[in-house]
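The exercises below are to be worked with the sequence and the structure in view. Each task is followed by a solution in steps.

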Amino acid sequence: MISTEGLRHAHAALDLVFSGSLGPRHARVRGGLLRVLGREGLAASVAARAGKTLEELGARAPAARVGGLSAREAEVLRLVAHGLSNAEIARELVLSVRTVERHVANVYLKIGASGRTARAIATAWAHTHGIA
């Protein structure tokens, strides 16, 4: 439960955030403050408006994290699941092969894949989790 003083500070912060100087990138701040104040409906509305504005500007929303993978790791895993080699992935994503190898190793570690079957396990994991 938030204290009266905390609530007063949250309202002051919300007033500052809604003063008009902050753009759609700050929707997370607005939404968080609104949720703290128990205004879930307004928080959802703010998020929807910000998403629409970002879409109109041509920005892509960050991918949701699946299984603790970063957006880049998920992207690398998707290409692994489509059968691309590390060198092909590097060319596709304009990365060094070493960087791709590091991403693949991190993915394997996070999903618990190892050994000679790691690539097959990762491919199955990607399909199961809707990445591929």
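The model is predicted.

**Exercise 1. The chain as a whole**

Task: State how many helices and strands the protein chain has, and what share of its residues counts as buried.

Solution:
- Step 1. Counting elements gives 7 helices and 0 strands. From the N terminus on, the order is therefore written α-α-α-α-α-α-α.
- Step 2. The protein chain has 132 residues, and 27% of them count as buried, the cut-off being under 20% relative accessible area.
- Step 3. The accessible surface is about 8,700 Å², with 56% of it belonging to carbon and sulfur atoms.
- Step 4. Among contacts with a separation of 6 or more, 47% come from residues 24 or more positions apart.

**Exercise 2. The two sides of α7**

Task: Find which residues of α7 are buried, and decide which exposed residues sit on the face turned away from them.

Solution:
- Step 1. Helix α7 spans residues 118–128, and its buried residues are A118, A122, W125 and A126.
- Step 2. These residues lie on the same side of α7, because the arc they cover around the axis is only 100 degrees.
- Step 3. On the face turned away from the buried side are the exposed residues A120 and T128.
- Step 4. The cover over the buried residues of α7 includes α4 (71–81) and α6 (97–111).
- Step 5. After α7 comes G130, with a positive phi near 70 degrees.

**Exercise 3. How α6 packs on α7**

Task: Describe the packing of α6 and α7 by angle and axis distance, and then list the residues that make the contact.

Solution:
- Step 1. A pair of packed helices is described by the angle between the axes and by the distance between them.
- Step 2. For α6 and α7 the angle is about 70 degrees, and the axes are 10 Å apart.
- Step 3. Angles of 65 to 115 degrees count as roughly perpendicular, so α6 and α7 are roughly perpendicular to each other.
- Step 4. α6 contributes V104, Y108 and I111 to the contact, while α7 contributes A118, R119, A122 and W125.
- Step 5. Sorted by class, the contact has 6 nonpolar, no polar and 1 charged residues.

**Exercise 4. The cover of α4**

Task: Name the buried residues of α4 and some of the helices that cover them.

Solution:
- Step 1. In α4, the buried residues are E73, A74, V76, L77, L79, V80 and A81.
- Step 2. Their cover includes α5 (86–93), α6 and α7.
- Step 3. α4 is followed by G83, which has a positive phi near 90 degrees.

Notes. Residues numbered from 1 in each chain as written. Predicted model: local features only at pLDDT ≥ 70, side-chain atom pairs only at ≥ 80, totals over all residues. Heavy atoms only, no water. Buried < 20%, exposed > 50% of the residue type's maximum accessible area, 1.4 Å probe, protein only. Helix = DSSP H or I, 4+ residues; strand = E, 2+ residues; numbered from the N terminus. Arc of directions from axis to C-beta. Contact = heavy atoms within 4.5 Å. Axes fitted to C-alpha atoms, helices over the stretch in contact; angles between N-to-C directions. Parallel < 35°, antiparallel > 145°, perpendicular 65-115°, else oblique. Nonpolar A, V, L, I, M, F, W, Y, C, P; charged D, E, K, R; others polar. Areas by Shrake-Rupley, 256 points an atom, 1.4 Å probe, with all protein chains shown as cover.
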